Structure formats: structure tokens, C-alpha cells
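This report walks through selected features of one structure, moving from a single side chain to helix packing and the nonpolar core. Please keep the sequence and the coordinates at hand while reading.

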Amino acid sequence: MLFSSIPFLFYFLPCTLLCYYIVPFRWKNFVLLLFSLVFYAWGEPIYILLMLVSIVLGYIEGRLIERQQDQKKAFWLTVFSCGLHIAFLIYFKYADFLLDTLRFAGVSIPLLKLALPLGISFYTFQLISYLIDVYQKRCAAQKSFVVFGAYISMFPQLIAGPIVRYADIAKQLVERKLSLEQSAQGMQRFVIGLSKKVLLANALGELCLVLRATQVPSVLNYWLYALAFALQIYFDFSGYSDMAIGLGRMFGFEFKKNFDVPYISKSITEFWRRWHISLSSWFREYVYIPLGGNHVTISRNIVNLLIVWMLTGMWHGAAWNFIVWGIYYGVVLVLEKYVWGAIVDRWPSVLQ
């Protein structure tokens, strides 16, 4: 069920908001969990079981990690728990990619041809961040199964993010205020995102289809296509993020922004601080810094950057072109940091 679809706008969302607003606060998380599961089952009737299993496992794992007094045992329990959720992600998202790679190498193995579960990358990353934060004492494990389930399955950010860390909304899950002004702000943000998606991204997508299908390609066509596609993916993705943030505000949550006008960036480094902010910060917090971050030798830092960006490419899709895309950005960021960055910083802003 897409946020821009008639069933969502005229049936699901009004029913959800009506039930959510009329019940007392102690029932609001239950209503949110129930309607989020309905939202998920609408598009993924089979994989709703996978989400429920992930929620149950994450809830139990978080409680066990918090209760474990032995730091070493807590560490390995966290590693095992995160590894289990990563295994789910690999099986459903990357199994055929890995098997196809083996077939290319001459090994004859039939593909599984599994459908990709809706939002599995997003809720898996949220589960991992929750378990690591509990282990590192950044937040307490959630004792209410309903509250935890509402956090993992929350439909506003389930389709296209942003990736919401539990530590950022832990207090809001148990105590949040709703007001007419806040709801109005959320609706305004949602309409802005919906307009980006329907009026701009969809129209630009149609233009891209026409330009791709043209029988008389030209330099102008290629440049127009590049510009149209760049704007299409921005308005599509940032539109969904705006809709998610707006929906969250309607339910009393304050999600962090996911895009900050990235196309005005003066460097690739700045661009990735402005584009899909929740993903970039997730990889920085849970991969780059644990690998050593900047506090290592130059050669090790280069390796760390390439690892992070290879994983970023894999996160975007199960295909070699995504991996190459990620490594390409890793190489560019390394060169920007150690070769031409200091020189370009002295240029006028327009040239940067």
C-alpha cells in the first residue's frame, strides 16, 4: 500500500487516525501496532510472519542482553542476535545474488526466486541498532512487547525510511503529547511530501521513460535524461521521507530529517551528510566508528571507508552494479579526503 494510493489516503489513514485519536494514551501504541501489521499484511500477507518472528526475537534478545551481567557473554549474545537478523536479511535479499554469482563461476545451483519482504532492510537495521544500543547501555531494553512491536513495525517509516533509532524515540514511545497544532504540522509536511512524489517525481519518471525510449538519441537527450533522473530520485525519496516525518508527527513522534537539500553540497562528503541522513549516520555509528573511524592509520582508514561504502552499495540492492557503485563512492571519498579535498576547499563555492 503506497502512501500516494487511494486506499491509503481515503481508507487506511483516516481509519487509523480516528482509532488512534479516540482511544486513551495507554492504548495508542497497541492501535499503532495493530494498524501497522495490517498495513504490512496488505502488501506482504505471507511475510507478516517474518516480521512477527523478528519482533519476538528482538524483544527477547534485548531483555536477555540487558540482564546479562557478564560483559563477555553479553557481547557474544549481541553478536549472535545481530548475526541472526543479518542472516534473515541475507537469505531473503541476497541469496539469489550469491547463488547467481556462484553460477557465473561455473557452479550449477538453482535460484530460490524469493520475493523481497517489504521494508526488511529498514526494520533489520532498526533491530540491530536497538540491540547494540542496549548492549552499550545507551538505552534500556523495552519491557513492553506492544511498545517494542509498535517501534519495529511502525508503518510511517517502514517503506522508505528514515531509519529511526530506538534511542532517539524511546521516551516518545512511552510519553508523547498530541495537539491540534502538531497534527496540522504533520499534515502539512505529509502534503508537501505527497506533492513531491505525485506532482514532481512521477512526472519526471514519465519524462525519463520517454527519453529512454526515444529512437533519435542526442547529447541534449542524454543530459536532459540525467537531470530528470537526478531530480526524480530526489523528489521520490525525499517525498517519502517527508510523508513519513509528517505521519510520525500526526501520531506524536518527532523523526529526524532525512534530506537536507543535498544538491547544493560543495563536496561528495557534504552530499552524503545531506542525502539519506539516517542511513549515512547508521553506517557511521555502527560500522565506521567500530572499525576505528578516523583514529587509525591512513591505510586502515582507507580500508574502513571502502568497507563501509561497499556495504552501503549492497544495502541499496543485491547486484554487482550496486557494489561497484558503493566502491566507486568510497574511492571518490578517499581521494577527496587525502588528495584534492584541501585544494578544492580553497576554490569559490560555485566551483566547488
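With which side chain does the side chain of glutamine 142 make a polar contact? The partner is the side chain of tyrosine 166, at 2.8 Å. The structure is a predicted model, and each value below was computed from it.

Glutamine 142 sits in the loop that runs between H5 and H6, and its relative accessible area of 9% places it below the 20% cut-off, so it counts as buried. Once neighbours within four places in sequence are set aside, the residues in contact with glutamine 142 are Tyr59, Arg63, Tyr130, Val147, Phe148, Tyr166 and Val174.

## Helix H6

Helix H6 spans residues 145-153, and because seven of its nine residues are buried, it is largely enclosed by the rest of the structure.

Not counting residues up to four places away in sequence, valine 146 touches Asn29, Phe30 and Leu33. Valine 146 and serine 54 are separated by 92 residues in sequence, and their C-alpha atoms are 14 Å apart in space.

## Packing of H12 against H13

Two packed helices are described by the angle between their axes and the distance between the axes. For helix H12 (residues 298-316) and helix H13 (residues 320-344), the angle is about 150 degrees and the axes are 7 Å apart, and the crossing is right-handed.

From H12, the contact draws on Ile298, Asn301, Ile302, Leu305, Leu306, Trp309, Met310, Thr312, Gly313, Met314 and His316, while H13 contributes Phe322, Ile323, Trp325, Gly326, Ile327, Tyr329, Gly330, Val331, Leu333, Val334, Lys337 and Tyr338. Sorted by class, the contact of H12 with H13 comprises 16 nonpolar, six polar and one charged residues.

## The largest nonpolar core

The largest nonpolar core contains 89 residues, and those with the most contacts inside it are Phe3, Phe8, Phe39, Tyr123 and Phe155. Helix H5 provides the largest share of this core, 11 residues.

Leaving aside neighbours within four places in sequence, phenylalanine 39 is in contact with Met1, Phe3, Phe8, Phe12, Phe155, Leu158 and Ile159. This list includes Phe3, Phe8 and Phe155, which are likewise named among the residues with the most contacts inside the core.

## Two loop residues with positive phi

Valine 261 is not a glycine, yet its phi is positive, at about 35 degrees. It is found in the loop between helix H9 (219-250) and helix H10 (268-274), where a relative accessible area of 41% makes valine 261 partly exposed.

Histidine 276, also a residue other than glycine, has a positive phi near 45 degrees, and it lies in the loop between H10 and helix H11 (277-288). Is histidine 276 buried or exposed? Its relative accessibility is 0%, and histidine 276 therefore counts as buried, whereas valine 261 is partly exposed.

Methods. Residues are numbered from 1 along each chain as its sequence is written. This is a predicted model: local features need pLDDT of at least 70, side-chain atom pairs count only at pLDDT 80 or more; totals for chains, interfaces and linings use all residues. Side-chain values use heavy atoms; hydrogens and water are left out. Buried means under 20% relative accessible area, exposed over 50%, partly exposed in between (1.4 Å probe, protein chains only). Helices (H or I, at least four residues) and strands (E, at least two) are DSSP runs, numbered from the N terminus. Axes are lines fitted to C-alpha atoms, for helices over the stretch in contact, and angles run from 0 to 180 degrees between N-to-C directions. A crossing is left-handed if the near helix is turned anticlockwise from the far one by less than a right angle, and right-handed if clockwise. Contact means heavy atoms within 4.5 Å. Ala, Val, Leu, Ile, Met, Phe, Trp, Tyr, Cys and Pro count as nonpolar, Asp, Glu, Lys and Arg as charged, and the others, Gly among them, as polar. A polar contact is a pair of N or O atoms within 3.5 Å; within protein, one must be able to donate a hydrogen and the other to accept it, and residues adjacent in sequence count only if both atoms are side-chain atoms. A nonpolar core is a set of buried Ala, Val, Leu, Ile, Met, Phe, Trp, Tyr and Cys residues joined through side-chain atoms within 4.5 Å.
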